[in-house]
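Please look at the sequence and the structure before reading on.

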Amino acid sequence: MAAAFLVALYEYSPLFYISVVFLCFLVTSGMVLGWFGWDVPVILRNSEETESNVKVSQKQMRQVKNPFSLEIKNLSVASTASGITLSLDCLEDCLLTCYWGCNVQKLHEALQKHAYCFRIKTPQAFEDALYNEYHYREQYFIKKMDKEEKHCQLPAEAQVADFGPVPRSRYPLVALLTLADEDNREIYDIVSLVSVIHVPDESYRLSCRMLYQYLLLAQGQFHDLKQLFMSANSNAVPLSSPPSELEAEDRVLLEKVGLAEDESETPEENSKDCIVCQNRAVNWVLLPCRHTCLCNECVRHFQQCPMCRQFVRESFPLSSQEE
Ligand SMILES: [Zn+2]
Ligand SMILES: [Zn+2]
């Protein structure tokens, strides 16, 4: 049958016949070579082999120095009536300005203004951008490299018992950190830190928490600080130290290195290790889930996060890859 077809083909056009036979020969030899592992075009190999070559793209990152660090102390006891304790650790002399009852819409407009033209580098600039839409303001001077705790409280004379029913038009507390020294504002990329804090009161008892933290850059961008979820405890890489923040060059995502609250893994001696090989230090952050659980070697084998099975769209290292 095939022979009759070939003869017919040869009689029809010898040239076409030769090219068909040659093509068959090429495909067959390609398949044979591919079988023995030679480097032949991918389309000739079976599909399972090619999958491991797919690489997750690496996010372009730039390291910037963040002079500010602000955390809430004793979350459980904070309330509008009893006040809130903030723990500060700054690299330079700073001003902490607390705005109680700050208007939500005006705050976001102020951030937009910062992005366009009106840079928020001082408390005064912030208040102008807000049109003074807050109930009460208090200010503290924070000395550099001094781990300080400040107790902020809404005084009785402000006559604010709560911030109205939910959904609210005012944030209970917005804490602004700015550089006190004018010269420093020229040195640092990050010129202020805006922390939006929920503080419980009579009408809304949701426990105290950090809602957002925005880092404002001298060039006008602002970035939302996000927490990373470590697979282990924090002595892995010098993580929880405030000065090093990583910044995505292209988009708004800034990652703050910190501890996941929901991880129950035992913080034993192996805790800083990669959850896959249990051997090398954790170094890679997977996006979008922000799990930080893989070492430099293992990261290349995963297209899904080994902790939550989410597909990894991008990843970036905490420290550059020389170890
Ligand atoms: Zn590993
Ligand atoms: Zn994950």
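How many residues does helix H4 have, and how far does H4 reach from its first C-alpha to its last? Helix H4, residues 104-116, has 13 residues and reaches 19 Å, which is close to the 18 Å expected at 1.5 Å a residue.

**The protein as a whole**

- The secondary structure comprises six helices and 17 strands.
- Of the 323 residues in the protein, 26% are buried.
- Among contacts with a separation of 6 or more, 65% are between residues 24 or more positions apart.

**Helix H4**

- Leu107, Ala110 and His114 are the buried residues of H4.
- Seen down the axis of H4, these buried residues fall within an arc of 55 degrees, and therefore they line one face of the helix.
- An α-helix has 3.6 residues a turn, so residues three or four places apart point the same way.
- The other side of H4 carries the exposed residues Gln105, His108, Gln112 and Tyr116.
- The buried residues of H4 pack against several elements, including helix H5 (123-130), strand E5 (94-103) and strand E8 (170-179).
- Strands E10 (209-217) and E11 (222-227) are also among the elements against which the buried residues of H4 pack.

**Helix H5**

- In H5, the residues Phe126, Ala129 and Leu130 are buried.
- Around the axis they cover an arc of only 100 degrees, which places them on the same side of H5.
- The cover over the buried residues of H5 includes E5, H4 and E8.
- Tyrosine 131 follows H5 and has a positive phi, near 55 degrees.

**The annotated region**

- UniProt lists residues 274-309 as "domain: RING-type", in an unreviewed entry.
- Over residues 274-309 the chain is 22% strand and 0% helix, and the end C-alpha atoms are 16 Å apart.

**Confidence in the prediction**

- The average pLDDT of the protein is 80, and 79% of the residues score at least 70.
- Over residues 47-51 the pLDDT is below 50, and this stretch has two contacts in the model beyond near neighbours in sequence.
- Residues 234-270 also have a pLDDT under 50, and the model has 73 contacts for them beyond four places in sequence.
- Where pLDDT is low, the predicted coordinates should not be read in detail.

Conventions:
Residues numbered from 1 in each chain as written. Chains lettered and ligands numbered in written order. Predicted model: local features only at pLDDT ≥ 70, side-chain atom pairs only at ≥ 80, totals over all residues. Helix = DSSP H or I, 4+ residues; strand = E, 2+ residues; numbered from the N terminus. Buried ≥ 20, exposed ≤ 12 C-beta atoms within 10 Å, placed from the backbone. Contact = placed C-beta atoms within 7 Å. UniProt positions renumbered as here; feature names shortened; annotations may be inferred. Expected span 1.5 Å × (residues − 1). Arc of directions from axis to C-beta. pLDDT = per-residue confidence, 0-100.
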